[in-house]
Amino acid sequence: MSAPLLDLSQRAAVEVDVSVRQVVIAGPGSGKTEVVSALVEHLVVEEQVDPEISLLVLSFSRAAVHAVTRRLRAADVQAVAAVRTIDSLAQRIVREAYGEEIAGRNVFDRRIARATQALQAGAWDRVRELEHVVVDEVQDVVGLRAEFVSALLAALGDGAGFTLLGDPAQAIYDFQLTPEHPTTSGELVARVEAMPGVQQRVLLGSYRAGTRDAAAAVALRELGDPSLNGAEDDICDFLLGVTPVDDEGIRELARHQGGGLVVLTATNGQALMEAEDLWKQGVPVQVRRPLTAPVTDAWVADVLGRAGSWDLASLTEAMGDAGIAVERWRGVRGWGRPGSRAVETREVARRLRSGFVPAELQPKDPDVPVVSTVHRSKGLEYDTVVFAQYDDRRDTDEDPAQMARVQYVALTRARFRLLRIERNRYPHLVRRDERTGRWLRCWQRRGSVKAVEIRGDDLERTRPPGEDVARAQAHLRSRVRPGDPVTLVHDWTSVDTHFWDVKHEGVTIGRTTAAFGEQLRSLLGGNLALDLRGVHVECVETVAGDPVDDAAGGIGKYGMWLGVRLVGLAVREWKDEL
């Protein structure tokens, strides 16, 4: 094992009996991801826990998933630990307990509520096989998800253990609480710590900060209680002392630092504005998507879509690299029929349609600057962080300690350099439409909507895109890159419902949905028979749909093809509104 490389506080959380029940407080840069992976290795290698049956890891972070995989591979463990998100575990529980596939509106919350019912009713038999459960980033588990985790831990057998890791100073998801589901992460942890025999441990190291400023940001947690109550003024003063930067400075950083740079904002509407500024300067950026919008890497359709079934040998031959093939095979091998070493491509497509995408099938982030909300940056780190402070003149009753925790999370994402930029230059408002959930850019004086957010699910996914399907697939494969601008060309044949074809370098690579057209009509009003600009490529992805039998070259016959996800604030092209 590589546990001797851990510090003493980390080893205390790792070298434990399988039945231990512990809560581990892990501040920014304390090595939590390595603790999770080392703990899994210890439980599998030393405690002889079956990683596929008796061990469960709940994590929001792909970094944790990959770290666990690396640890087990280094220890020559061929099995794969069950690392899941809460949403994907809930889906599995509902399927196995009740034989149900929940789809439609509010699918994630409905799955979790139903899975909680199954755990409380004792309807999920597999919970009794679990010997240890690891919950990563527990400070992000609130409301309905907190009730789910509480039910899961309560359903464990008497000899089963668990490890909860998190940091109350980074608890910034209380805005998701509802009157029906009011449980905070602090209340969840307090409930767990009140259980018999539960121990609390604290990781004491600090390994992320590479400069004095970054280390000082991490140390702000010492100025208040564990949830930063009492440290609000100190964090605000610290932020005001961070070195300012202007737009030209951000552009220069973006051109030279690539994926090492992040611009953080309070809302996704502000993130879209920051991205738009950089796109105008020809700088490709990635707008970080929410965790509830998993994407399947393009290689899945590009490779698996060629044949009806696959085993490890055929995948290795197709990939041309045994190491890559083995890693990717881990993502799909559990979807084969019992006793079979092969996986049917249509079954892979069916599983992906349900919304669960294994980490091995998700794309790696491109090496381009990132624009993100603070909330979506949780668990990540960057060489340089620019915090964009917008002048929000609306009245707010947000808890000062909650605001301090958001600022603390932003400040502690940096390895080396912290910068800030004050934003008060826009002559319009950015607000979120409550009915549709879309961000809108509005004229300040008139209050009318100028531009509407376009999202990844606004394109048709029922069949491969384009008039010439083969040409569109080849173009997506070879020409389309993150950040590329696209034009949404209005379909003049659409009357009652408006549709737009997505054009990239003159090639049609997608088509908007009827729902997008209906929402645009209600939000923008007026003449919609115009092209739309201000839209960019988020990524090329694998689309999993129903098998298509009539497309040229058999594209889509196994239920998967290449598609594109879009991002940006779409504006009508009747005049230069950008």
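## Terms and basis of the model

A residue is called buried when its relative accessible area is under 20%, exposed when it is over 50%, and partly exposed in between, as computed with a 1.4 Å probe on protein chains only. The model is predicted, so local features need pLDDT of at least 70 and side-chain atom pairs count only at pLDDT 80 or more, while totals for chains, interfaces and linings use all residues. Residues are numbered from 1 along each chain as its sequence is written, and side-chain values use heavy atoms, with hydrogens and water left out.

## Salt bridges between separate elements

Side chains of opposite charge can pair when their charged atoms come close. The structure holds 40 salt bridges, each defined as a side-chain nitrogen of Lys or Arg within 4 Å of a carboxyl oxygen of Asp or Glu. One of them joins the side chains of Asp140 and Lys378, with an N to O distance of 2.6 Å. Asp140 lies in the loop between strand 4 and helix 6 (143-155), and Lys378 in the loop between strand 12 (370-373) and strand 13 (382-390), so the pair ties together parts that are 238 residues apart in sequence. Helices (H or I, at least four residues) and strands (E, at least two) are DSSP runs, numbered from the N terminus. Asp140 is buried at a relative accessible area of 9%, and Lys378 also counts as buried, at 11%.

A further salt bridge, at 3.0 Å from N to O, is formed by the side chains of Glu96 and Arg126. Here Glu96 belongs to helix 4 (residues 86-98) and Arg126 to the loop between helix 5 (107-121) and strand 4 (132-135), so parts that are 30 residues apart in sequence are tied together. Glu96 is partly exposed, with a relative accessible area of 36%, and Arg126 is partly exposed as well, at 37%.

## A salt-bridge network

Arg565 and Glu541 meet through their side chains in a salt bridge of 4.0 Å, N to O. Arg565 is in strand 22 (residues 560-572) and Glu541 in strand 21 (residues 532-544), 24 residues apart, and both residues are buried. The two also belong to a network of salt bridges that links Arg289, Arg461, Glu538, Glu541 and Arg565.

## Strand 5 and its partners

In strand 5 (residues 161-166), six of the six residues are buried. Strand 5 pairs in the parallel sense with strand 1 (residues 21-25) over five bridges, where pairing requires that DSSP finds at least two bridges between two strands. Strand 4 runs parallel to strand 5 and is joined to it by four bridges, with Gly161 as the bridge partner of His132.
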